[in-house]
Amino acid sequence: MRFVPDLCNDHEERKESLSMQNFKITLRVLLGLIYLIFGLNFFFKFLPLPPSEGVAGVFLGAMVQTNYFFPFLKLVEVTVGALLILNFFVPLALVVISPISLNILLFHLFLEPKGIPMGILLVGLNVGLIIFYFSY
């Protein structure tokens with residue numbers, strides 16, 4: 001008796017795989033767009049950002065006064081955002097941006113609570129993509 005593969009099961013597996021691929025692409029492009037847009041905003045000021053007050057304002061003010069930290073950070077964000085969107089060196093980009101995502105979450109968690117949703121989103125996207133690219 002000859003083995004005939006079940007074409008329906010194969011089609012379902014391909015369909016599921018395709019939907020997971022689309023999900024992975026969506027996560028990658030979304031994370032890349034967030035970092036690209038907010039990184040470019042530092043240089044071109046096209047989105048108004050609310051001023052930080054209290055301890056958060058003092059902390060950010062100290063980093064701004066160094067004159068190197070924010071330009072370097074935003075250049076890294078723009079570069080990583082472009083790499084994620086263009087699908088180049090994605091595992092490396094995720095390794096580079098992971099501590100930045102975590103620091104954004106911790107900054108909002110401890111110093112400026114109104115931004116916690118963005119921090120959770122960034123860390124969630126980052127963790128999701130790390131799971132997808134873990135074999136690399």
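Residues are numbered from 1 along each chain as its sequence is written. Because the model is predicted, local features need pLDDT of at least 70, side-chain atom pairs count only at pLDDT 80 or more, and totals for chains, interfaces and linings use all residues, while side-chain values use heavy atoms, with hydrogens and water left out.

I start with glutamate 77. Glutamate 77 is part of helix α3, residues 69-86 (helices are DSSP runs of H or I, at least four residues, numbered from the N terminus).

Now the rings. The whole structure holds seven aromatic pairs (ring centres of Phe, Tyr or Trp, its six-membered ring, within 6.5 Å; planes under 30 degrees apart are stacked, over 60 edge-to-face, the rest tilted). In one of them, phenylalanine 23 and phenylalanine 132 have ring centres 6.0 Å apart and planes at 65°, so this pair is edge-to-face. Phenylalanine 23 belongs to helix α1 and phenylalanine 132 to helix α5, 109 residues apart. Phenylalanine 23 is partly exposed at 45%, and phenylalanine 132 is partly exposed at 25%.

The pair of tyrosine 133 and tyrosine 136 is tilted, because the planes are at 40°, with centres 5.7 Å apart. Tyrosine 133 is buried at 10%, whereas tyrosine 136 is exposed at 70%.

Note on methods:
Helix = DSSP H or I, 4+ residues; strand = E, 2+ residues; numbered from the N terminus. Buried < 20%, exposed > 50% of the residue type's maximum accessible area, 1.4 Å probe, protein only.
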